[in-house]
Amino acid sequence: MSFGGVVMPAQFPPITAGMAVVFAITLLAFGLFATELVPVDVTALLVMVALMVLEPWTRVSIEEGVSGFSNTATITVLAMFILSAGVSRTGAVQRLGAWMASFAGDDERRQLLSVVGVGALPSGVLNNTPIVAMLIPAVSDLAREGGTSPSKLLIPLSYASMVGGMLTLIGTSTNLVASDVSARLLDRPFSMFEFTGLGAIVALTGAGYILFVGHRLIPERVAPGEGLLAEYEVTEYLTEVVVEPDSPLVGRAMRDVHERDVFDAELVQVVRDGEFLEPFTETALRAGDALVVRAGVDTIRDLAATEGLSIANTDVTAGVLGASEPRSFVEIVVPTGSSFVGETLAASSFHHTYDANLLSIRRGADLLHHRLNRVTIDRGDTVLVQATAESIERMAVDPDVIVVRELDDPDYRTGKIPLAVGIVLGVVGLAALGVLDILVAALCGVVAMVFGGVLDPDELYDAVEWDVIVLLAGLIPLGIAFDQTGAAALIGALVAESAAYLPPLGVLWVFYVITALTTAVVSNAGSVVLMIPVGVATAGTIGANPFAFVLAVTFAASADFMTPVGYQTNLLVYGPGGYRFTDYFRVGAPLQALLSVVTVLGIAVLWGL
């Protein structure tokens, strides 16, 4: 047959209108995922709706279109988010961070070893994204106190959590989704420790690479020992000015002055007769008040000329700014799914929510200092703020931000640590022994968390990353469409053409690489949904073991080491480490190549082709 003038071999399935429609929807999804014109969960909803509206071609009924929301993998992932939050609420992971600091000291090799160990092992039984979020403050503090650049430790933390997530079925949401798709296509879901042996090989290989090779390739984007103000180059933009008697600011409330958006400036500190005053209050300014203002040179000159201010000090150091000051400096990371993403901090009422001074924004390796209130916040941005201890504590429990600092007196439910850890181990044990299905065991664990006082009922909803849940539910019908329209069989036949030049082991390796590259554009869960049906079809065409291809897709989908956006843990450390986009490729590409060989060989030996 021919299609568009291209002669297709006889063994290829005929291209139907349904296939074309599914391919068009997939390309649209790829484009939206890559450009991020809309959030990823909105893209997933768009895909789901398109599949149902175009049912005559996609063969996805209404029941199948919404089946992702009742899918066992989706509900299990939701339950695992809650179990991870319960362990986090007790401070158990933070205790590991404290042990890490005491073990490592200022020895960089021991710091790396402890970061890799603490990042990988808990990720085997808890979702690795919250693990990394909880450990970022501990690792950042460990680096600064030990005289090491945070850049040297944060990528290893992310990578370790990724390889650690392959130790058990519940290590990542990817594993759970892959198990569900495998059950649907092959009637073979994963057991709890189905691939633990291979996962251990992958984890040890990854850890060895990080310890002996990878850390040498990571540049020191953040110089060791720098204070936050120097690290963010803020002092260059801080000036002390004095309010003159004829200034129009005299008599105006400090809060009003602070919130003026006429100039690209921010009121950071007010000093009156040697006493530090809060800049967010209704207290009126007086002549002689000293103001520390964050602004550029030109703006300072304009302020002095129009607002009746005289320049007193252009060399405001961290020591001067922090002296007798109840506020402290802290970094906050904006994670995926935060309500701040896509908003300006002015529009999001950031100041009102936290009573915090906005000093700088780091976007990868770039530092932003101008018009900060008008900067549209992106996921992964790290914001330097000055805030009171009370405000920082509020930020620490807000899922919209991650505080990159260990709090001195966190409000953890430490007395519940044995119960929380016992519940998680109970879930793993019951599922592993076959006493309960993993979904039922996880939901039992959620109920036990609530009745045991580990979590309050109103904390359950905040624990769930709803954008991930919607993403999973929206993309699962796309996998169904690929299977039912024959689109998966067509792509599988195309990939199987490589069998004319390669043995089955080589085809498996090619498929691993294709999946890993797909994950860099689509989410890891999305690539599993798309690629497993194709892998099964490919195996059927060349007479290989289809389960081997399922495992290759599962491992490859959790191995996007080359970009900061393909895996959420990479994005979380992007700002705090001051990384550039290319740093991930420099460090991650050799690891990706190494693990592609190790994983494929491991699958061939353990499961056969």
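Analyst: Happy to go through this one with you. Contact means heavy atoms within 4.5 Å, and the model is predicted.

User: Thanks! Which helices do the buried residues of H19 pack against?

Analyst: Helix H19 covers residues 417–432. Its buried residues are Ile417, Ala420, Ile423, Val424, Val427, Val428 and Ala431. These residues pack against helix H6 (72–90), helix H7 (92–104) and helix H20 (438–451).

User: Within what arc do the buried residues of H19 fall, seen down its axis?

Analyst: An α-helix has 3.6 residues a turn, so residues three or four places apart point the same way. The buried set of H19 includes Ala420, Val424, Val427 and Ala431. The buried residues of H19 line one face of the helix, because they fall within an arc of 145 degrees.

User: Which exposed residues does H19 carry on the face turned away from its buried side?

Analyst: To count as exposed, a residue needs over 50% relative accessible area. On H19, the face turned away from the buried side carries two such names, Pro418 and Leu425.

User: How far does H19 reach from its first C-alpha to its last?

Analyst: H19 has 16 residues, and at 1.5 Å a residue the expected span is 22 Å. The helix comes close to that, with a reach of 22 Å.

User: What is the relative accessibility of Arg272?

Analyst: Arg272 forms a salt bridge with Asp289, with the closest N and O atoms 2.8 Å apart. Arg272 is in strand S4 (residues 266–272), and Asp289 is in the loop between strand S5 (275–277) and strand S6 (290–294). Asp289 counts as buried at 2% relative accessibility. Arg272 counts as buried too, at 12%.

User: Which residues do salt bridges with shared partners join into one network?

Analyst: The whole structure holds 10 salt bridges. Those that share partners make one network of Arg89, Arg413, Asp456 and Glu459.

Definitions and conventions. Residues are numbered from 1 along each chain as its sequence is written. This is a predicted model: local features need pLDDT of at least 70, side-chain atom pairs count only at pLDDT 80 or more; totals for chains, interfaces and linings use all residues. Side-chain values use heavy atoms; hydrogens and water are left out. Helices (H or I, at least four residues) and strands (E, at least two) are DSSP runs, numbered from the N terminus. The expected span of a helix is 1.5 Å times one less than its number of residues. Buried means under 20% relative accessible area, exposed over 50%, partly exposed in between (1.4 Å probe, protein chains only). The arc is that of the directions from the helix axis to the C-beta atoms. A salt bridge is a side-chain nitrogen of Lys or Arg within 4 Å of a carboxyl oxygen of Asp or Glu.
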